[in-house]
Amino acid sequence: MKYGRVYNFSAGPATMPEPVLEEIRDEMMNYRGSGMCVMEMSHRSKVYQQIIDEAEQDLRDLMNIPDNYKVLFIQGGATLQFAMVPMNLMKNGVACYVETGAWSKKAIAEAKKYGDVHVVASSKDRNYSYIPNCDDLDIPENADYVYICENETIHGVTWPKLPNTKGHVLVSDQSSMFLSRPCNVSDYGLIYAGVQKNVGPAGMVIVIIREDLIREDLDPKVPIYCSYKTHADNGSMYNTPNCWAIYCCGKVFKYLKSLGGLEAMEKINIDKAKVMYDFLDSSKMFKGTVDKEFRSLMNIPFVTESAELDAKVVAATKAAGYDNLKGHKSVGGLRASVYNAMPKEGVEALVEFLKKFEAENS
């Protein structure tokens, strides 16, 4: 790693690709002859309009987003979407949720403020270590949508296949696996992702929504900013958007295209995660917490025999230049987030360090 940087295994805000950071650095004081930094630039300027237009087009190219889907750049992060989804999509006031970890659990609690929420499947019985079978869910005919968190950042589980929604709209929180593998956008009514994990800096969410789901007949009490129509009608510029995050995300989209797109990224991510999982499967001190077929390629939680030893490992790794390996406060243990921008050599170096730690502390 250059510039004295550490290997940053944070779950978000997370590591970004070094070539992208270098390009941003080089444009910091004077963006392409404009005489100013993008952070200083009017969002109404022609220069900035080109930035946001290119970002959207590059994302459309990466994901092969159909023309009947809108791409929205919205402030508030993924957490605001816990409320915006039911505010906008609960036409009949009924929705189905699958509970697979901390983030789907939070989304369920928020949605209950707006209508009748059916938790149609849950993996709470085994501390969210697997994805429940969703081939034959009990979905009411009048359900407005079925909601999943496709990759649970805290518990490290991911969906190997999508649920059978029986013709109902599928909504997915893809925050911690966004752009990590190919995605058939047509399988979903709405996809959203907080960008601070796999794409850019914190403070924004990307929403990809099928046009027929954008409604005018919302409850008049819905804040104008919380209507998808507001953002769709104004090209994500109803108010000043998160200009800096959009600019940085646009850089990452171009970087991913240069690597060969999402098919290439998936191969890199499978290869990279295998290094960590192979170690956990062979270790006597460390063990993964997720059933093998549901393991995330992005977030890898693991534990030792005790909280005291977990803490000792965290301290040792941090001192050695492997940062943010402490598990989320709600579950403890350890967690390595190995997003797109984490190089394979970072995972290999961490594994070598953990092997050495195990040998010295057995």
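So, Val71 stands opposite Ile208, which belongs to strand β10. When I say strand, I mean a DSSP run of E with at least two residues; a helix is a run of H or I with at least four, and both are numbered from the N terminus. Two strands count as paired if DSSP finds at least two bridges between them.

Quick note: this is a predicted model, where local features need pLDDT of at least 70, side-chain atom pairs count only at pLDDT 80 or more, and totals for chains, interfaces and linings use all residues. Residues are numbered from 1 along each chain as its sequence is written, and side-chain values use heavy atoms, leaving out hydrogens and water.

Okay, zoom out. Which order do the seven strands take? The open sheet reads β2-β10-β9-β8-β5-β3-β4, with mixed pairing. At the edges sit β2 (69-75) and β4 (116-122), each pairing on one side only.

Now the helices. Helix α2 (residues 46-63) packs on this sheet and touches β2 and β10, with its direction at about 125° to that of β2. Touching means heavy atoms within 4.5 Å, and angles run from 0 to 180 degrees between N-to-C directions of axes fitted to C-alpha atoms, for helices over the stretch in contact. Helix α3 (residues 77-89) lies across several strands, including β2 and β9, and runs at about 160° to β9.

There's also an open antiparallel sheet of three strands, β11-β12-β14. Because β11 (287-288) and β14 (334-337) each have a single partner strand, one side of each is left without a neighbour in the sheet. In that sheet, Phe302 has Leu334 of β14 as its bridge partner.
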